[in-house]
Structure formats: C-alpha cells, structure tokens
Amino acid sequence: MDAGGTTTRALVTTLGGERLGEAWAGGANPNTHGPEHAAEQLTEAIGTALDRADPSARDAVAATVVGLAGYSGLRDEAVRSRLERALGKAGLTATGQEFTGDDAIAFAAGTAERDGTVLIAGTGAIATRIENRHRSRSADGMGWLIGDEGSAFWIGHQAAKETARQLGRGGDLSPLARTVAKQVIPGQRPSGPDQWPEEHARDFARTLTSAPPINLAGLAPLVTDAYALDDQAAVVIVNAAAGHLAQSVHQVRVPGEPLPVVLSGGVLTHSAPVREALTHKLTMGTGAPVMLAGCTAGGAAWLAALRAGADERDVDLHGVFTRPGADRVGA
C-alpha cells in the first residue's frame, strides 16, 4: 500500500509481480487526518483490493507492506494499535511489521539498492537517507508553515507573492502573474477612481487567505507553464525551488558518495524544469545516479515480495513491480 496524505492505493500482486487487484481511498496520514479517519481509509482500500483480486485472496497473503505518510505518528502506541486493527478489519493478520514510511517505498520504487537517498517533493517536501531499506535520517518535512521548501506549496506561495506584488504595482502583468490572478480572482479588474492597484492586490490576498493555505499548492503548475514562456519570475522560482530541494538532499548525504538518489512526488514527476535544475545540482562533482521513482504502490509490493522470499538481486523482477505507468491492473 501507498498510504499518502491525499490518496491511499492498495495493490495485490503475485510474488512474480502480476497485478491481481487494486483500489483507492482517501488520504491516510494519521498526523493530518487523525487515526480514525486514516484507519477507515486503510480498511476500505485494502478490503476492496483483496475483493477485486479473488474471494480467497485474504487466505493467500504472504506479506504486507504499508508505506505510510505520517509514519512518525506510529510512535504513539494508541495510533499504531488503531491502524493495525484497520488491517484486521480488512481481513489481514497484523504482525507488527507491516508499516514503513512512504519514503521507504518511494525509494524502493526507484531502485533495487538497499542504501541511498530519496527526495519526495509533492504538496510537501522531505529528503530521507535510506539504509538497509529503512529511514535513517531526514531533512525538512516540517510542514508548510515552517518548512517544505521547494514543495508545490512553497512554489505556489512564491507565485502568489509575486502576483500580489505585480497587482499592487499596477500596469501589465507577466504571464505568471496573469494566469495566477485569473485563477484566484477571475474577471476582477481595478475600476473606478477609488480602486487603486494596491486594493486590487489586497482583494487577491483576501481571496487566498479565506481558503485553506494548502490550496496554494495548486498554483505550482502555473509556474512550470510560465517558465516555458521565459517568465523571469518563474525562472527565479524554479531555480530557487531546485536549490532548496538540493540542500535538503545534501543534508542527509555524505559529500561525493556514489549512492543513488531517487526523486518522487508530483513536483518532480510533472515539473521538468524543477527536476532538470535539481538533477544538475545533485550531479555536479559526483557520479551518483539520479532517477525518478516508478509505481510507489508497486515499490511497497516489491518490498512485501522480498519478505516472502523473492530474490532482491533480480533487477528484472524489481522492474516488473515498479514499472512507471502501471496505474491500473492489466496496464
């Protein structure tokens, strides 16, 4: 399972990587949604995936791995117990070894190696050092209020500030500011003798602050679009995001080490400018391979297959489990 903050995906496979059943549910991060909601999403996704695999699938399960966003919340025994009961309600027998971090499965989705670094940059951002396929230390992942630099939230926040600055100045807007303003306050224009540019900017700011702060992450794709038009503010934001993400990676790595770096999350998957700028920064002076994660639920399934006896040296088998684009059974 890949139990994220927004979506939970359960995948049932054979030990050879054949996909038998899968299902989706809502976010299952116990730190942001609470353990009760997280448990309900786990039960729904697992139970549905097993039902779609085969009526007898529950009796045939050899191993289970759940990559959990908010894994640190399991330090609370009450939270751990509640999520383990969720597995039981779905028809699995919990052994206490099922849960790992979503960073561990993202790393496994990118490489069959045991050690290296994974950087997840989606709505939030965190870099994690992986040793023997487990988290050993991490950088950032502090949440949107004081961290997550280079994340979709951070990028969207920078875009919003740049748009407010241009609106307050008056005059023509850059491609970035124009598209951001159109999305946030569509159709609004300063008009009348008392409508000063700075009041237009305040209308923009009020609209944003009346919505959940995390919604700023939805502006991040507009920065990528504006970058393609050579919008200089977008260029600055992209390069700054890549710099922040590279710094997080460097905090958990030994300088010059050749271990792989796996990139995961929506920003790094969908924003080629950020990914390319970041890769350039990460590969300067080192031969470390940098690669995108494949199917993260497949990464979790591969880790489960290893626990059930699959050969970790079989790189082709790893590729079967984690091949990109395997988003549906039979894909």
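Helices (H or I, at least four residues) and strands (E, at least two) are DSSP runs, numbered from the N terminus. The structure is a predicted model, in which local features need pLDDT of at least 70 and side-chain atom pairs count only at pLDDT 80 or more, whereas totals for chains, interfaces and linings use all residues. Residues are numbered from 1 along each chain as its sequence is written, and side-chain values use heavy atoms, with hydrogens and water left out.

**Figure 1. Glycine 17 in the loop between β2 and β3.** Strand β2 covers residues 7–13 and strand β3 covers residues 19–26, with glycine 17 in the loop that joins them. Glycine 17 counts as buried because its relative accessibility is 3% (buried means under 20% relative accessible area, exposed over 50%, partly exposed in between, with a 1.4 Å probe and protein chains only). Apart from its neighbours within four places in sequence, glycine 17 is in contact with Val320 and Phe321; contact means heavy atoms within 4.5 Å. Glutamate 98 is 81 residues from glycine 17 in sequence, and the two C-alpha atoms are 19 Å apart in space.

**Figure 2. Overview of the protein.** The secondary structure comprises 14 helices and 10 strands. The radius of gyration is 22 Å, which agrees with the value near 20 Å that a compact globule of 331 residues would have; the radius is taken over C-alpha atoms, and the globule rule is 2.2 Å times the number of residues to the power 0.38. The C-alpha trace spans about 75 × 45 × 40 Å along its principal axes. Of the 331 residues, 49% count as buried. Among contacts with a separation of 6 or more, 66% are between residues 24 or more positions apart. The accessible surface amounts to about 15,400 Å², and 52% of this belongs to carbon and sulfur atoms; accessible areas come from the Shrake-Rupley method with a 1.4 Å probe, and for residues only the protein chains shown count as cover.

Figure 3. In soluble globular proteins, nonpolar side chains tend to be buried together. Leaving aside neighbours within four places in sequence, the contacts of isoleucine 155 are Gly150, Ala220, Val223, Ile237, Ala241, Val267 and Val274.

Figure 4. Leucine 92 is found in the loop between α4 (77–90) and β5 (99–101). With a relative accessibility of 11%, leucine 92 counts as buried. Beyond its neighbours within four places in sequence, leucine 92 is in contact with Ile46, Leu50, Val61, Thr64 and Leu87. The C-alpha atoms of leucine 92 and leucine 145 are separated by 37 Å, and these residues are 53 residues apart along the chain.

**Figure 5. Leucine 282 in helix α12.** Helix α12, which holds leucine 282, covers residues 272–283. Leucine 282 counts as buried at 6% relative accessibility. Its contacts, other than neighbours within four places in sequence, are Ala246, Val249, His250, Val261, Leu263 and Val290.

**Figure 6. Serine 248 in helix α10.** Serine 248 counts as buried, with 7% relative accessibility. Not counting residues up to four places away in sequence, serine 248 touches Ala127, Ala139 and Asp140. Alanine 277 is 29 residues from serine 248 along the chain, and their C-alpha atoms are separated by 14 Å.

**Figure 7. Asparagine 132 and arginine 133 in the loop between β7 and β8.** Strand β7 covers residues 125–131 and strand β8 covers residues 134–140. Asparagine 132 is not a glycine, yet has a positive phi of about 55°. Arginine 133, also not a glycine, has a positive phi of about 65°. At 42% relative accessibility asparagine 132 counts as partly exposed, whereas arginine 133, at 12%, counts as buried.
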